[in-house]
Amino acid sequence: MPRGASAARPAAAADGPLVFVSYARENSAAARAIADRLLELGAGDVWLDKKKLRGGDDWSTRIDQAIAECDYFLPLLSSEADQRREGVFWEEWASALRRARRVADTFLLPTLIDADPGSRAHYQRIGRENGSERFFQLHLLRAPAGVFDASAEDDLGSRFTVFRRS
C-alpha cells in the first residue's frame, strides 16, 4: 500500500460506533491489532491513545472526553494488566464504570486477551478492585493475543450492524 494511503473500510463503517480501547502498555501490540480489527468489523472509529493523543495534548482531559463520548468501552483484561499496581488504564476503567451506570444498554465490552481463558481465576486485582468486578458479571469477549475468536467477531459484527440501524 502506498505511504499515506488507508485501507479500505466497509462503507457502512462511517456511521458505526466509536469504540474506546483501554489497555496496559504491556499489551499495546494486542491493542493495536484489536483496534484494526474493530474497524474491519464495522466500528466507525477506535479511540486508542497511541493513535489519538498528540504532542502537547492534555492527555487526561482528552481521555476523559473520549470516554464520555464513546459508544462502547472495551477494556483489555490480561495477566499483565492484573500485575500492574498503577496505570492510567485503572482510571479509564473507573471512569467507564461510572459512565456505564448512566447508559441504558450495552456499553462495556470486556475482552480477555490471555491465551488461557482460565487465567482470570488467578487475577489478584482485576475483578477485585476499583469496581472491576463488574467486568466479570458481563459476557467476556475473547481475543487471545489480540485476535478475536469467532464468537467475539460475530458478537461485535452484529452489535455494530444494529448500532448503524438505530
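**Core, sheet and aromatic pairs of a predicted model**

Leucine 156 has a relative accessible area of 0% and is therefore buried. This value, like those that follow, comes from a predicted model. The residue belongs to helix 6. Apart from neighbours within four places in sequence, leucine 156 is in contact with Leu38, Leu41, Leu109, Leu141 and Phe148. The C-alpha atom of leucine 156 is separated by 8.9 Å from that of alanine 43, although the two residues are 113 residues apart along the chain.

In soluble globular proteins, nonpolar side chains tend to be buried together. In the present model, the largest nonpolar core has 24 residues, and Val21, Leu38 and Phe148 have the most contacts inside it. Two or more residues of this core are given by each of strand 1 (18–22), helix 1 (28–40), strand 3 (72–77) and helix 6 (150–165). Helix 1 supplies the largest share, namely six residues. When residues up to four places away in sequence are not counted, leucine 38 touches Val19, Val21, Ala43, Val46, Leu74, Phe148, Leu156 and Phe160.

The strands form an open sheet of five, in the order 2-1-3-4-5 and with parallel pairing. Strand 2 (45–47) and strand 5 are the edge strands, each of which pairs on one side only. Strand 1 and strand 3 are paired in the parallel sense over four bridges, and serine 22 stands opposite proline 75 in strand 3. Strand 3 also runs parallel to strand 4, to which two bridges join it; here leucine 76 stands opposite threonine 111 in strand 4. Helix 1 packs on the sheet, where it touches strand 1, strand 2 and strand 3, and its direction makes about 145° with that of strand 3.

Strand 3 is largely enclosed by the rest of the structure, because six of its six residues are buried. Both of its faces are covered: Tyr72, Leu74 and Leu76 are buried on one side, and Phe73, Pro75 and Leu77 are buried on the other.

Threonine 111 is located in strand 4. Its relative accessibility is 0%, so threonine 111 counts as buried. The side chain of threonine 111 reaches the backbone oxygen of leucine 109 at 3.0 Å. Beyond residues up to four places away in sequence, threonine 111 touches Leu74, Pro75, Leu76 and Leu77, as well as Leu141, Arg142, Ala143 and Phe148.

A pair of aromatic rings is described by the distance of the centres and the angle of the planes. Ten aromatic pairs are present in the structure. In one of them, the rings of tryptophan 93 and phenylalanine 135 have centres 5.3 Å apart and planes at 85°; planes over 60 degrees apart count as edge-to-face, so the pair of tryptophan 93 and phenylalanine 135 is edge-to-face. Tryptophan 93 lies in helix 5 (residues 88–100), whereas phenylalanine 135 lies in the loop between strand 4 (111–112) and strand 5 (141–142); the pair therefore ties together parts that are 42 residues apart in sequence. Tryptophan 93 and phenylalanine 135 are both buried.

Another aromatic pair, formed by tyrosine 123 and phenylalanine 136, is tilted, with 6.3 Å from centre to centre and 35° between the planes. Tyrosine 123 and phenylalanine 136 both lie in the loop between strand 4 and strand 5, so this pair ties together parts that are 13 residues apart in sequence. The two residues can also be described by their accessibility. Tyrosine 123 counts as buried because its relative accessibility is 1%, whereas phenylalanine 136, with a relative accessible area of 23%, is partly exposed. The cut-off that applies here is that buried means under 20% relative accessible area. Elsewhere, ring pairs link Phe20, Trp47, Phe73 and Phe107 into a cluster.

Key: Residues numbered from 1 in each chain as written. Predicted model: local features only at pLDDT ≥ 70, side-chain atom pairs only at ≥ 80, totals over all residues. Heavy atoms only, no water. Core = buried A, V, L, I, M, F, W, Y, C linked by side-chain atoms within 4.5 Å. Buried < 20%, exposed > 50% of the residue type's maximum accessible area, 1.4 Å probe, protein only. Contact = heavy atoms within 4.5 Å. Phe/Tyr/Trp six-rings, centres within 6.5 Å; stacked < 30°, edge-to-face > 60°. Polar contact = N/O pair within 3.5 Å; in protein donor to acceptor, adjacent residues only side chain to side chain. Pairing = 2+ DSSP bridges. Axes fitted to C-alpha atoms, helices over the stretch in contact; angles between N-to-C directions.
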